[in-house]
Amino acid sequence: MKKILWCLLLAPFFCTAQSYSIKPLNEHTKTSLRGLSVVSDQVTWVSGSNGAVGKTIDGGITWKWVNPKGYGKIDFRDIEAFDDKQAIIVGIASPAYILKTVDGGETWTENYKNVDSAIFLDGLGFWDKNRGIIFGDPINDKMQLLKTVDAGKSWQDISKSLKINLTKGEASFAASGTTVKTLPGGKTWIATGGTVSNIYFSLNYGQTWQVFKCPILQGEGSTGPFSIDFFNEKTGIVVGGNYLKDKENSNNVLLTNDGGKNWQKPASPVLGFRSAVTYINAKILIAAGTSGVDISTDGGEHWKQISNKSFNAVQKAKKGTAVLLAGNNGVIYQLDAAN
């Protein structure tokens, strides 16, 4: 009876047959990695500062590093890869660039350039192989929105589709490229923070938008949501906090079951500031930040820290089961689950 009570008290983590850890795949590269695109169990692309782009085609055993010629000082904060040959990278600040490769990173085509001193692109998402969206911090109180319908060959400014002006001091964070989430069929969520936090939602490929309040930690330039993910059109999660106080965990994770209209705190939170979160399946989620990595096995209600190692991004394979994490100094790790 005592054992049963003990399990009930410590569920769901300490009485499960599965345990989680992380193992290194790459370290000591001179770049801060924030862009991460896990295509399959074999193919992953990463991007970061100093113009760095990395790729593996053997599940992380070996990595090939390239620097797109002429862009060696650009910070590529986000990347979207489609296979081992095609990828799109986003250089965030002025001048902001969008580049694409179709030959595995050997050559890159510049498909967008913006020299406005205020431009700052935050995240990239694709609804399908042709249609995608990029958003950025406001210019003259208008969120910057770019859309492609030809797999990134060209980008149209659709900023006027969002009729709502952002509040002064409201913007987004390009900490992991995941303050935007897209689902097939045109559904899009964009999270903002700073002085206020909102969720901007479109159900029609960015043609029209709704705005929902997000009651996560906010009010300062360093606070708000840093990552958002949805398992389906109703079930979602947002994580963040204050990156200047990365071990504090006051109101830095929220859950929704109505598509982002309303948000609730979980039973127990992640253990610090988190800049990335992803669903592994309906029940298992992983969140990562500069103060560690947490796992939930009950849909985000309870969290357990599995590492205090620093990461910026985490993502599950689009086709497969691999879960990879990336961070400063070129670190790339893989999640291990053991029975």
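Two strands are taken to pair if DSSP finds at least two bridges between them. Helices (H or I, at least four residues) and strands (E, at least two) are DSSP runs, numbered from the N terminus.

## Basis of the model

This is a predicted model, in which local features need pLDDT of at least 70 and side-chain atom pairs count only at pLDDT 80 or more, while totals for chains, interfaces and linings use all residues. Residues are numbered from 1 along each chain as its sequence is written, and side-chain values use heavy atoms, with hydrogens and water left out.

## A four-stranded antiparallel sheet

An open sheet is formed by four strands in the order β6-β7-β8-β9, with antiparallel pairing. Its edge strands, β6 (76-81) and β9 (109-114), each pair on one side only. On average, neighbouring strands of this sheet are turned by 15 degrees against each other, direction ignored; for such angles, axes are lines fitted to C-alpha atoms, for helices over the stretch in contact, and angles run from 0 to 180 degrees between N-to-C directions.

Strands β6 and β7 run antiparallel and are joined by five bridges, and they form a hairpin with five residues between them. Within this pairing, A81 stands opposite A87 of β7. Strand β7 also pairs with β8 in the antiparallel sense over five bridges, and the hairpin that joins β7 to β8 passes through four residues. Here the bridge partner of A87 is T101 in β8. Strand β8 (residues 96-101) is in turn joined to β9 by five bridges, again antiparallel, and K100 stands opposite T109 in β9.

## Burial of strand β7

Residues are called buried under 20% relative accessible area, exposed over 50%, and partly exposed in between (1.4 Å probe, protein chains only). Five of the five residues of strand β7 (residues 87-91) are buried, so this strand is largely enclosed by the rest of the structure. In a regular strand the side chains alternate between the two faces of the sheet. Both faces of β7 are covered: A87, I89 and G91 are buried on one side, and I88 and V90 on the other.

## Aromatic contacts

The structure holds 15 aromatic pairs. Rings of Phe, Tyr and Trp (its six-membered ring) pair if their centres lie within 6.5 Å; planes under 30 degrees apart count as stacked, over 60 as edge-to-face and the rest as tilted. F126 and W155 form an edge-to-face pair, with 6.4 Å centre to centre and 85 degrees between the planes. The pair links distant parts of the chain, 29 residues apart: F126 lies in strand β10 (residues 121-126) and W155 in the loop between β12 (142-148) and β13 (156-157). F126 is buried, with a relative accessible area of 9%, and W155 is buried at 12%.

The rings of W127 and Y205 have their centres 5.1 Å apart and their planes at 80 degrees, so this pair is edge-to-face. W127 lies in the loop between β10 and β11 (132-139) and Y205 in the loop between β17 (198-202) and β18 (210-213), so the pair ties together parts that are 78 residues apart in sequence. Both W127 and Y205 are buried. Elsewhere, ring pairs link W189, F201, F212, F230 and W263 into a cluster.
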